[in-house]
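Grab a pencil and work through these exercises with the model on your screen. Try each task before you read its solution.

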Amino acid sequence: METVTGMSLKKIIMAGTLAALATSILLGGRNGQLRPQHIMAIPASNNTRPADRSGSANQPRKLPTAHLTNAVRLTENVISGALPEDAAAFAELQSLGVKTIISVDGLQPNVTLAEKFGLRYVHLPHGYDGVPEVRGHELAKAVRDLPGPIYIHCHHGQHRSPAAAAVACVEAGTLDPSQALSVLQLAGTGKNYQGLFRSVSMARRQDDRQLDQLQVTFSATSEIPPLAEAMVEIDALHDRLKANRLSATASDIADALLLKEQFVELQRLAEVRHQPTAYRDLLHDAERAADELQATLADLPATETSAANLQSTESRGVAWQAALARVNQSCTTCHRQYRDNPPHELPLTAAR
């Protein structure tokens, strides 16, 4: 029998340890769990991965932009921000060197306009209650493998997109977990979005081999459920109405009427009819508030510039603001109870 020297024994022990470690990494995901549907034979990869640049090399910072709201640069390869709404915004993305845009918003992306500027769109939407585990892995694979720099956006660039970008960069290994929450602070993410804070707090580096085996189709658009689609339209109408001050135009009155009709149609959806009574009551309250808003706007003059009528205009403008505030309150209450937090979980302290 061949004698095992001390050096040979050391090599044997080291080989066994490395084999066990590789097995652990292969089968481990977030919290040591990998969903069964994602476990498959791992092919040999010829991809050359960029070096892990996490840590002090990347300090998230606000990005001064002219046409992109709430722009935050997480890494040299990833920027988070608001929806690029027009050609000027897409041109600014192009000037920043962006090659791929990832939308995590429910609104269907403007693929046609993006293509005019040579930009690719990828649609990976998620809700306000957090970044789902699998969606986080998909986002990490996207920022690792798709042409960059990459711009990740939601509607306002304040809540969902900074959370998605932070999770993606941490899992891809380009942002240290200790810096992740600073991304939400820079973007001004609301502390009531406990699920988003939880997702960012729990994000951890994913092994490249796990991301290799994840099968993802990066499509320019995704199918959106009717409820989510209606909420996107309500959000857009609400934003336009908030921009109104003391005068009402024909488009303002039309938007108020459309807002009311959106709440009416929402209550007819099958997925809404199966919601708790309290949820449906809040929708009904929002409908009544929108009806009052529409009536108040219809009573406002289209133009009112004379000094004699200024006081009357301001008085009715205050009534309009009060009606809009009641719409806001109905929506805020509903969001807090049914949208912003993961179900069946205790709140997480956002400042953690």
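**Exercise 1. Is L241 buried or exposed, and which residues does L241 touch?**

Step 1: L241 has a relative accessible area of 0%, so it counts as buried (buried means under 20% relative accessible area, exposed over 50%, partly exposed in between, with a 1.4 Å probe and protein chains only).
Step 2: Now find its place, which is in helix α9, residues 226-242. Helices here are DSSP runs of H or I with at least four residues, strands are E runs of at least two, and both are numbered from the N terminus.
Step 3: Leaving out residues up to four places away in sequence, L241 touches D252, D255, A256, L259, L293, L297, W320 and L324 (contact means heavy atoms within 4.5 Å).
Step 4: Take D252 from that list: L241 and D252 are 11 residues apart in sequence, and their C-alpha atoms are 6.4 Å apart.

A word on the ground rules: this is a predicted model, where local features need pLDDT of at least 70 and side-chain atom pairs count only at pLDDT 80 or more, while totals for chains, interfaces and linings use all residues. Residues are numbered from 1 along each chain as its sequence is written, and side-chain values use heavy atoms, with hydrogens and water left out.

**Exercise 2. What is the strand order of the open sheet, and which strands stand at its edges?**

Step 1: Reading across the six strands gives β1-β2-β3-β6-β4-β5, with mixed pairing (two strands pair if DSSP finds at least two bridges between them).
Step 2: The edges belong to β1 (61-62) and β5 (120-123); each has a single partner strand, so one side of each lacks a neighbour in the sheet.
Step 3: Look at β6. Strand β3 (residues 78-81) runs parallel to β6, joined by four bridges, and I79 stands opposite Y151.
Step 4: β4 (residues 100-103) also pairs with β6 (residues 150-153) in the parallel sense over four bridges, and there I101 stands opposite Y151.
Step 5: Check the faces of β6: I150 and I152 sit on one side, Y151 and H153 on the other, and all of them are buried. In a regular strand, side chains alternate between the two faces of the sheet.

**Exercise 3. How do the axes of α6 and α7 cross, and which residues meet?**

Step 1: The axes of α6 (residues 177-187) and α7 (residues 194-202) come within 8 Å and cross at roughly 150 degrees. Axes are lines fitted to C-alpha atoms, for helices over the stretch in contact, with angles from 0 to 180 degrees between N-to-C directions.
Step 2: That makes α6 roughly antiparallel to α7 (under 35 degrees is roughly parallel, over 145 roughly antiparallel, 65 to 115 roughly perpendicular, and the rest oblique).
Step 3: On the α6 side are A180, L181 and L184, which meet L196, F197, V200 and S201 in α7.
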